[in-house]
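Hi,

Here is the structure I promised to pass on.

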Amino acid sequence: MAHREEQQTIAALATPPGKGSIAAIRISGPRAFSCVNGLLLAKRSLENFQSNRIFVAWLHSAEGEALDQVTLVRYQAPRSYTGEDVVEIFCHGGRLVPNLIIERLCALGCRLAQPGEFTQRALRNGKLDLIQAEAVADLIDAESPAYLRGALTHLEGAFSRQLEELRAKLVHACAMLELGLDFSEEDVEFADRAELQRELMLLDKMIANLLHGFARGQALKEGWRIAIIGKPNVGKSSLMNALLRYERVIVSDIPGTTRDTIDERVFINGLLFRLIDTAGIREHAGEIETIGIERSRAVAQNADVILFVTDDSQNGDEADLALAKECLALKNKGERVALIHVKNKFDLPAATRSFLFDEKNVQALRVSALSGSGIAELEHAIAASVLPLSNLSSAEVQHINLRQKLCLEQARVALSNALSSLDKNLSAEFIAVDLREVIHQLGVLIGEVTTEDVLGEIFSKFCIGK
């Protein structure tokens, strides 16, 4: 079935539907040129157009009526995105013209492409590996420059080449171990166990670093989570509005106005964040407010940055201290949780005994959410708190997705077993079995070993036309 589908010629709109100045239509497959020829006047043929050059042409209906004047590019296989004959048509936008052209293409022998089918064909034809194919989707979904850089690194193929080199070394090591088994009676080993152990330990370190990149990649894609925590009426909602630069949250002097979490995305110094305002945490709250407070604590437990807000015009009390201890416990528990003490209402007269952290490594900033004073400094501190993660080079930490993470986790388990067998000086056959599993998982990772179900799941998330 898959083979027959690959022989079909597919067409799809490669730009979002709707009004716009230009729409792009992509055609790929063995009949791409002949199908497009059916829209040209009889005296014109794509075979006469030079490959990889832009041409202007009129497209016509079956009755010979003009549909649109377009520009088109002809890509001769294998020098195309999919590795097949490809034509890209750039027509006027809107809904009618692109639809008429696609309908005519389907009448001439094309079928509508499925989501991600162009990229899937590129994978099958060796134009991309699976990591590069997934990078295409990441590139489209990228909303922050840091995430974009990671997607481009994967698309360029540096990550894949690194994995392929490691896999080749493991294949060689496994071959040497298994060769030694053929000469076990002569007590001869072809593999240098000490060198193999060093190589496996380096690989284990690399996989650990890659697994650490999963959380980083998710944060760069979806936004670093900032939890705004504090007692009622300390100005949490006003602070959120100030960071968003518009009035998103209702501000009131009545305690308990915010009863649920409010989540908004915001760019701060070029980085994407999820800003989460929470219900004020206090004792003796009502039933509904108590639910909101529990959600506030849950948000804080999963945050990358905690903004602990206090009222600088009021004396600190036991409630402030108790909440501060909770925030400090979360900071000390989380490996990469940043905590910033925000002393709000700086525009009001300062209290005689404002609340202070005992911890020396907690940054404290005075701001006025009402006037905007200190907000720029707070934004700089927020960005700086995650910059050690955001600015790591591609060689240090790669972005990986959930599929890649699961492959690496299974590879690391097998790798750990192999190292354990080496430590115990077990027979080469035990080590070889685990190494073959590591090799298999690396193959799954880059797409050399895969199944139709896996590919279907991956490419179903792509947009049509890509």
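Let's start with helix H8 (residues 193-222), which lies across S7, S8 and strand S9 (271-277) and runs at about 80° to S9. A word on the names: helices (H or I, at least four residues) and strands (E, at least two) are DSSP runs, numbered from the N terminus. For the angles, axes are lines fitted to C-alpha atoms, for helices over the stretch in contact, and the values run from 0 to 180 degrees between N-to-C directions.

Before going further, a caution: this is a predicted model, where local features need pLDDT of at least 70 and side-chain atom pairs count only at pLDDT 80 or more, while totals for chains, interfaces and linings use all residues. Residues are numbered from 1 along each chain as its sequence is written, and side-chain values use heavy atoms, with hydrogens and water left out.

Strands S7, S8 and S9 belong to an open sheet of six strands, ordered S8-S9-S7-S10-S11-S12, and its pairing is mixed. Two strands pair if DSSP finds at least two bridges between them. At the edges you'll find strand S8 (262-268) and strand S12 (363-366), each of which pairs on one side only. From one strand to the next, the twist averages 25°. Inside the sheet, strand S7 (residues 224-230) and strand S10 (residues 305-311) run parallel and are joined by five bridges. If you want a pair to find on screen, Ile 226 stands opposite Val 305 in S10.

H8 and its helix partner

H8 also packs with helix H13 (residues 402-423), at an angle of about 155° and with the axes 9 Å apart. The two are therefore roughly antiparallel to each other (angles under 35 degrees count as roughly parallel, over 145 as roughly antiparallel, 65 to 115 as roughly perpendicular and the rest as oblique). H8 passes H13 in a left-handed crossing; a crossing is left-handed if the near helix is turned anticlockwise from the far one by less than a right angle, and right-handed if clockwise. The residues in contact include Leu 196, Leu 200, Ile 207 and Phe 214 of H8, and Leu 408, Leu 415 and Leu 422 of H13. Contact here means heavy atoms within 4.5 Å. By class, the residues of this H8 and H13 contact divide into 16 nonpolar, one polar and six charged. Ala, Val, Leu, Ile, Met, Phe, Trp, Tyr, Cys and Pro count as nonpolar, Asp, Glu, Lys and Arg as charged, and the others, Gly among them, as polar.

Another helix pair

Helix H5 (residues 130-141) and helix H6 (residues 145-156) pack at about 150°, their axes 8 Å apart. That makes H5 roughly antiparallel to H6. H5 passes H6 in a left-handed crossing. Among the residues that meet are Ile 131, Val 136 and Leu 139 in H5, and Tyr 147, Leu 152 and His 154 in H6. This contact of H5 with H6 has nine nonpolar, two polar and two charged residues.

The other sheet

There is also an open sheet of six strands in the order S3-S4-S5-S2-S1-S6, with mixed pairing. S3 and strand S6 (110-112) are at the edges with a single partner strand each, so one side of each has no neighbour in the sheet. Here the twist averages 30° from one strand to the next. Strand S1 (residues 9-13) runs antiparallel to strand S2 (residues 22-28), and four bridges join them. Leu 13 stands opposite Ile 25 in S2, and Ala 12 stands opposite Arg 26. S1 runs parallel to S6, with three bridges between them, and Ala 11 stands opposite Leu 112 in S6. Four of the five residues of S1 are buried, so S1 is largely enclosed by the rest of the structure. Buried means under 20% relative accessible area, exposed over 50%, and partly exposed in between (1.4 Å probe, protein chains only).

Where is Ser 61? Ser 61 is in the loop between strand S3 (54-60) and strand S4 (66-75). Ser 61 is buried, with a relative accessible area of 15%. Leaving aside neighbours within four places in sequence, Ser 61 is in contact with Leu 67 and Arg 104.

For the chain overall, there are 15 helices and 12 strands, and buried residues make up 48% of the 466 residues.

Cheers
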